[in-house]
Amino acid sequence: MEKLRVEAYFPSADEKLSVYSSDPEDNNSEHCHDFNELVIVDSGHGLHVINGKPVFIQEGDVFFVRDNDYHFYDELGTLKLINVLINPQTQFNYLTNTESLLSRFSASEGSHYGWLLPDVKNHCRGLVGQMFAHNREQGPQALQQEGLFFQLIMNLVNQQETGDRNHTQYKLHRMLGYLQEHCFTEINWTDVADEFLLTQRTLFRRIKETTGMTPENYLKRLRLVSARVKIKNTETSITDIAFMCGFSNSNHFTTSYKQVFGLTPSQERKKA
């Protein structure tokens with residue numbers, strides 16, 4: 001597994017913050033890094049596979065990746081990400097205890113992903129732009145940059161605490177989070193629709209509009225991506241992996257796996 005290093009992403013070793021705007025092609029192989037990363041999904045949608053677990057992400061989502069997490073992006077749409085990198089090897093000049101605020105958005109816990117309304121997301125994008133708009137020849141203006149970074153964090157926190165819980169996209173964000181947490185079990189769609197105060201027809205339509213897949217195919221994709229990580233990185237038998245990831249029939253698992261990835265699970269393991 002590749003490890004991304006501080007020196008490759010920070011202009012100088014004593015800088016605390018850096019920025020990286022990435023496409024999913026830059027991050028589609030599993031990796032970790034020795035810096036922390038605050039990520040805002042600027043546009044598109046896809047799967048973020050973090051510590052072996054797939055999480056659906058879409059425009060407006062925000063999450064915090066720690067330096068001991070390993071992850072990659074399995075694209076379903078056209079993801080555009082804003083990545084604010086945080087160097088743990090140096091200290092802020094003026095700020096303290098920011099990580100306790102950022103931990104509210106821990107990517108390793110699916111229920112901790114935040115979501116931003118479009119106008120809040122655009123404002124946050126503007127703050128990130130201002131943070132890194134200083135003249136490199138003069139060096140970073142630490143007070144201004146750290147003040148803007150604190151504004152960014154507080155916008156993220158305030159949105160989660162005071163945001164419109166009745167907004168359709170917020171409900172969808174919560175509902176997709178629920179499906180991710182329970183993707184390896186049999187889903188009772190009537191119960192899910194009742195939980196989120198939607199008709200089953202509306203629920204299915206919203207999932208299809210957001211992910212581009214039917215609910216059943218979306219669940220299958222979550223299960224297959226999880227299985228692929230286990231096939232590549234563990235020695236667990238393929239049959240056991242199929243059952244662990246919610247497939248009741250190993251033949252169905254093999255057929256579905258080849259349809260999506262172009263290889264059978266056995267071929268994938270040999271390749272890995």
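Modeller: Let's begin with R5, which is partly exposed, with a relative accessible area of 39%. Partly exposed lies between buried, under 20% relative accessible area, and exposed, over 50% (1.4 Å probe, protein chains only).

Biologist: Good start! What pLDDT do side-chain atom pairs need to count in this model?

Modeller: Residues are numbered from 1 along each chain as its sequence is written, and side-chain values use heavy atoms, with hydrogens and water left out. This is a predicted model, where totals for chains, interfaces and linings use all residues, local features need pLDDT of at least 70, and side-chain atom pairs count only at pLDDT 80 or more.

Biologist: Back to R5, then. Which residue meets its side chain in a salt bridge?

Modeller: A salt bridge here is a side-chain nitrogen of Lys or Arg within 4 Å of a carboxyl oxygen of Asp or Glu. R5 lies in a salt bridge of 3.7 Å, N to O, and its partner is D34.

Biologist: How far apart in sequence are the parts that this pair ties together?

Modeller: D34 counts as buried, at 13% relative accessibility. Helices (H or I, at least four residues) and strands (E, at least two) are DSSP runs, numbered from the N terminus. R5 sits in the loop between β1 (2–4) and α1 (6–9), and D34 in the loop between β3 (31–33) and β4 (36–43), so the parts tied together are separated in sequence by 29 residues.

Biologist: How many salt bridges does the structure hold?

Modeller: Some are linked: D42, E59, K121 and R125 form a network of salt bridges. The number of salt bridges that the structure holds is ten.

Biologist: At roughly what angle do the axes of α8 and α10 cross?

Modeller: The axes are lines fitted to C-alpha atoms over the stretch in contact, with angles from 0 to 180 degrees between N-to-C directions. Those of α8 (residues 215–233) and α10 (residues 250–261) come within 10 Å, and they cross at roughly 90 degrees.

Biologist: Which residues of α10 make that contact?

Modeller: Contact means heavy atoms within 4.5 Å. From α8 come K220, R221, L224, V225, A227, R228 and I231, and from α10 come H252, F253, S256, Y257, V260 and F261.

Biologist: Last one: which side chain makes a polar contact with that of N83?

Modeller: N83 lies in strand β9 (residues 80–86) and counts as buried at 1% relative accessibility. A polar contact is a pair of N or O atoms within 3.5 Å; within protein, one must be able to donate a hydrogen and the other to accept it, and residues adjacent in sequence count only if both atoms are side-chain atoms. At 2.7 Å, the partner of N83 is E37.
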